[in-house]
Amino acid sequence: MFRYFGSKASTASVVANIALDGYKDATVADAFGGLGNIGAEFKKRGCSVTACDLLHFPNAFQHVRLVCEGLPNFSRVRKFLGVDSEEDILSYLNSQFSDGCWFAKEYAEARGFFTATNAAKIGAVWLKIKSWKNLELIDIDEEKFLIASLLNSMDAVANTAGTYYAYLKGWDRKSLKEFSFEWYRGVVKGPKGIAVRGDALSYLTDKSFEILYLDPPYNGRDYSRYYHLPETLAKFEEVSIDSNSKCGQPILRSTVGTQIRNAMKLPYLMELINSVHWERLVVQYADGAHICLNELKQALGGQGTLTVHEIPALGYQSTNGTRQHTHHVFVIDK
Ligand SMILES: C[S@@+](CC[C@H](N)C(=O)[O-])C[C@H]1O[C@@H](n2cnc3c(N)ncnc32)[C@H](O)[C@@H]1O
């Protein structure tokens, strides 16, 4: 699975059980949805989930997990290619190769994020998906499914310690494996949800949910910089790359960093909490993060009846292994 800062994959099931205690088939907002790990657990338990994220590529993962009801059938692409099945589309994509493409030049030739062969394959698949989008051969489910599948398959052979902020000096073992485009197996059974690409406060203000779940950014690490490459690919933009940037950031840097940094602060969270109509608020927060735990507990306590759960969690995964953390799950009932 795509490695992501702050991923709640290791705690999602426990947190969903805590959050839903006493509820059945609830309406839930996952304001900072990320890759949709928590949203998917809520959906599995019968909830109707709305998730937000400022970035395009987490939105693609969320869309597959919360909105899609199965592997799309790609009827127009199949007709266009003259093939019968989704398996044929996989074989077709895996036969593509473009060693002169923008992606191969920037992220293999100029910077060792991928081997030359893998970059030629990844770049070629991306160009195909982009051309199908331009030709209007894919609908929104198909587009999100294709891009989430590409990013998930790409991340499995990336020569990185987990983010796209730097590539490794030598070739990591996984980066030497041959790239293969595989369908992302993220579809979850349950009520069809909503995945919104945008600011949580702007979208969720004045909306009503039984449960508001918050897993905000924990520190000043700017997701838009650390994950610039998947974000560029998810936007289908062949952007000009800053030749002075070792990790190949676009010349025009993303501007969402300020919004992300703002969202890690207590005033933003309190404004969000006060702008959404909820019955139960659930906030998941780690030790040692930006907001001091006592300050957070005090602010949340003023919103209703507060219970706090402490759960063990696995921290961010890198080549150095995982770190054990404690997560605090604050549950507030109005
Ligand atoms: C801690 S991560 C969430 C991880 C997620 N629960 C998971 O398991 O993958 C925080 C997420 O909030 C997003 N984010 C930051 N500021 C935001 C905002 N103002 N509105 C919506 N999403 C935001 C980030 O892009 C990031 O994906």
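**Exercise 1. Asn219**

Task: In this predicted model, locate Asn219 among the secondary-structure elements, state how exposed Asn219 is, and list the contacts Asn219 makes beyond its neighbours within four places in sequence.

Solution. 
- Step 1, location. Asn219 sits in the loop that runs between strand 4 and helix 10 (223-226).
- The relative accessible area of Asn219 is 31%. Buried means under 20% and exposed means over 50%, so a residue in between counts as partly exposed. Asn219 is therefore partly exposed.
- Step 3, contacts. With neighbours within four places in sequence left aside, Asn219 is in contact with Met264 and His290.
- Step 4, a separation. Asn219 and Asn152 lie 67 residues apart in sequence, and their C-alpha atoms are 25 Å apart in space.

**Exercise 2. Ser208**

Solution. 

**Exercise 3. Helix 3 and its surroundings**

Task: Find how many of the residues of helix 3 are buried, what covers them, and how helix 3 packs with helix 8.

Solution. 
- Step 1, burial. Helix 3 is mostly covered, with 11 of its 12 residues buried. The buried residues include Phe57, Asn59, Gln62, His63, Arg65 and Val67.
- Step 2, cover. Among the elements covering these buried residues are helix 2 (37-44), strand 2 (48-53), helix 8, strand 3 (194-197) and helix 11 (228-234).
- Step 3, geometry with helix 8. The axes of helix 3 and helix 8 come within 8 Å and cross at roughly 120°. The crossing of helix 3 and helix 8 is left-handed.
- Step 4, contact residues. Helix 3 contributes Phe57, Asn59, Ala60, Phe61, His63, Val64 and Val67, while helix 8 contributes Ile140, Asp141, Lys144, Phe145, Ile147, Ala148, Leu151 and Asn152.
- Step 5, classes. The contact of helix 3 with helix 8 divides into 10 nonpolar, 3 polar and 2 charged residues.

**Exercise 4. Two further helix pairs**

Task: Describe the packing of helix 6 with helix 7 and of helix 13 with helix 14, including angle, handedness and contact residues.

Solution. 
- Step 1, helix 6 and helix 7. Helix 6 (residues 102-109) packs with helix 7 at an angle of about 145°, the axes being 8 Å apart. Their crossing is right-handed.
- Step 2, contact residues. Trp102, Phe103, Ala104 and Ala108 of helix 6 meet Ala116, Ala119, Ala120, Ile122, Gly123 and Trp126 of helix 7. By class, the contact of helix 6 with helix 7 has 9 nonpolar residues, 1 polar residue and no charged residues.
- Step 3, helix 13 and helix 14. The axes of helix 13 (residues 266-275) and helix 14 (residues 293-301) come within 12 Å and cross at roughly 20°. Angles under 35 degrees count as roughly parallel, so helix 13 is roughly parallel to helix 14. The crossing of helix 13 and helix 14 is right-handed.
- Step 4, contact residues. From helix 13, Leu266, Met270 and Ile273 meet Glu295, Leu296, Ala299 and Leu300 of helix 14. The residues of this contact comprise 6 nonpolar, no polar and 1 charged.

**Exercise 5. Cysteines**

Solution. 
- Step 1. The structure holds 0 disulfides. For Cys68, the nearest cysteine sulfur is that of Cys52, 17 Å away.
- Step 2. A disulfide requires sulfur atoms within 2.5 Å. The sulfur of Cys101 is 19 Å from the closest cysteine sulfur, in Cys247, and this is too far for a bond.
- Step 3. Cys68 is buried at a relative accessible area of 1%, and Cys101 counts as buried at 6%.

How values were computed
Residues are numbered from 1 along each chain as its sequence is written. This is a predicted model: local features need pLDDT of at least 70, side-chain atom pairs count only at pLDDT 80 or more; totals for chains, interfaces and linings use all residues. Side-chain values use heavy atoms; hydrogens and water are left out. Axes are lines fitted to C-alpha atoms, for helices over the stretch in contact, and angles run from 0 to 180 degrees between N-to-C directions. Helices (H or I, at least four residues) and strands (E, at least two) are DSSP runs, numbered from the N terminus. Angles under 35 degrees count as roughly parallel, over 145 as roughly antiparallel, 65 to 115 as roughly perpendicular and the rest as oblique. A crossing is left-handed if the near helix is turned anticlockwise from the far one by less than a right angle, and right-handed if clockwise. Contact means heavy atoms within 4.5 Å. Ala, Val, Leu, Ile, Met, Phe, Trp, Tyr, Cys and Pro count as nonpolar, Asp, Glu, Lys and Arg as charged, and the others, Gly among them, as polar. Buried means under 20% relative accessible area, exposed over 50%, partly exposed in between (1.4 Å probe, protein chains only).
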